[in-house]
Amino acid sequence: MSKSDSVSMGGVAAFVVNWNNATETLQSVDSLRSFFQGKDIFVVDNGSEESDFGILAAGLGAENLIRSEENLGYPGGANLAIAKILNLEYEKIMSLNNDAIISPESVKMLIDALDDETIGMVAPWIINRENGRIWYAGGKYNSWFGISRHPGKGSKLPENRSVVPKDSEYLCGCCIMFRSSIFKNTGLLDDRFFIYSEDIAHSIKAKSEGWRICTLPSAIVEHGISVSTGDNADKHFSKIRAYYYARNQILLLKWSNSGIKKAIALLSQIVIVAPVNTLRMLLEGTLNHWISYVKGVYHGFIGVHGPMR
């Protein structure tokens with residue numbers, strides 16, 4: 001697909017958020033250039049060091065560069081781009097992680113999926129760039145225990161995949177094509193999470209407003225897992241992930257549930273989820289991050305949000 005073809009689609013913009021990873025970010029931007037014109041690509045620098053910002057700025061052309069003087073976390077940085085794009089009255093907005101790449105064919109399929117006006121946002125399937133296996137093919141979320149999972153994660157990518165959008169309980173924020181009007185109902189992403197869980201929170205809110213949220217099996221994104229945070233993707237927990245997974249899981253339960261369900265969900269974090277995660281750390285050799293996990297649990301219960309403290 002040529003850029004001239006993409007222009008005829010009209011009203012579609014894309015954005016990427018960078019934080020001290022300009023080289024990887026520019027690869028993501030380059031994949032977007034195969035479909036979008038520069039004026040329709042928005043790059044947010046989220047408080048990177050001067051040297052990294054210099055690399056990023058030098059590598060961009062006609063793309064729009066938005067600079068934050070501080071790290072606002074992923075949702076905070078994304079909101080800078082979303083607000084700018086909404087102000088320019090684009091009809092659709094695509095997010096792409098700065099450690100992911102997408103083909104023009106997949107972009108086109110995501111755009112076409114929103115021809116169904118009941119769908120508020122749609123995400124591609126995501127494959128691990130290292131081994132080509134599925135990392136995300138739809139999400140499941142248990143609101144009683146605050147547990148999210150990716151069914152089929154680690155399995156081989158089927159050659160023949162449906163071109164029909166499939167409903168999902170939540171969409172992974174690595175890449176999403178949003179209908180701009182969805183933000184009138186949901187508001188922007190919740191930046192209190194700082195990183196992780198804002199995609200689940202936004203999905204829950206979108207569904208509560210009557211929107212369908214779907215994955216599109218035929219559309220594919222290649223993802224360099226955890227490159228953006230510099231963490232070891234071979235392990236479920238790292239110091240950063242242990243803290244945010246524990247804290248944000250609790251914050252999400254507190255903010256999205258009420259009454260008896262909220263009480264049971266929060267109790268489950270102590271009597272079920274924490275012991276299970278402790279065992280998982282022991283088995284995968286990351287028990288050295290247990291203190292970060294416990295700190296996250298504590299901060300979740302007392303309502304600490306924003307960056308890790």
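**The second largest pocket and the helices**

Modeller: Let's start with the lining of the second largest pocket, where α7 gives the most, with 5 residues. Helices here are DSSP runs of H or I with at least four residues, and strands are runs of E with at least two, numbered from the N terminus. Keep in mind that this is a predicted model, in which local features need pLDDT of at least 70 and side-chain atom pairs count only at pLDDT 80 or more, while totals for chains, interfaces and linings use all residues. Residues are numbered from 1 along each chain as its sequence is written, and side-chain values use heavy atoms, leaving out hydrogens and water.

Back to the pocket. Its lining has 14 residues, and Asp 190, Ala 201, His 202, Lys 205 and Trp 255 lie nearest the centre. A pocket is an open set of points on a 1 Å grid over the protein atoms alone, with protein on both sides within 12 Å along at least five of seven lines; a cavity is a set where a 1.4 Å probe fits but cannot get out, and lining residues have an atom within 4 Å of a point. At least two lining residues each come from α7 (198-208) and α8 (239-256). The space in this pocket is about 220 Å³, a volume being what probe spheres set on the points fill, with points joined across faces, edges and corners. The lining splits into 7 nonpolar, 4 polar and 3 charged residues (nonpolar: Ala, Val, Leu, Ile, Met, Phe, Trp, Tyr, Cys and Pro; charged: Asp, Glu, Lys and Arg; polar: the others, Gly among them).

The structure holds 1 cavity of 30 Å³ or more, and about 80 Å³ of space lies in the largest cavity. Its lining counts 13 residues, with Gly 173, Ile 176, Phe 178, Leu 189 and Asp 199 nearest the centre. Two or more of the lining residues come from β11 (175-179) and from α7, and α7 has the largest share, 4 residues. By class you get 7 nonpolar, 4 polar and 2 charged.

The crossing is right-handed, meaning that the near helix is turned clockwise from the far one by less than a right angle, anticlockwise being left-handed. On the α8 side the contact includes Tyr 243, Ile 250 and Leu 251, and on the α10 side it includes Tyr 293, Val 297 and Phe 301; contact means heavy atoms within 4.5 Å. The classes here are 9 nonpolar, 4 polar and 4 charged.

Finally, α10 has another neighbour to look at. Helix α9 (residues 259-284) and helix α10 (residues 290-302) have axes that come within 11 Å and cross at roughly 165 degrees. That makes α9 roughly antiparallel to α10, and their crossing is right-handed. From α9 the contact takes in Leu 266, Gln 269, Ile 270, Val 273, Ala 274, Asn 277, Thr 278 and Met 281, and from α10 Trp 290, Tyr 293, Val 297 and Phe 301. It has 9 nonpolar, 3 polar and no charged residues.

Terms used:
Axes are lines fitted to C-alpha atoms, for helices over the stretch in contact, and angles run from 0 to 180 degrees between N-to-C directions. Angles under 35 degrees count as roughly parallel, over 145 as roughly antiparallel, 65 to 115 as roughly perpendicular and the rest as oblique.
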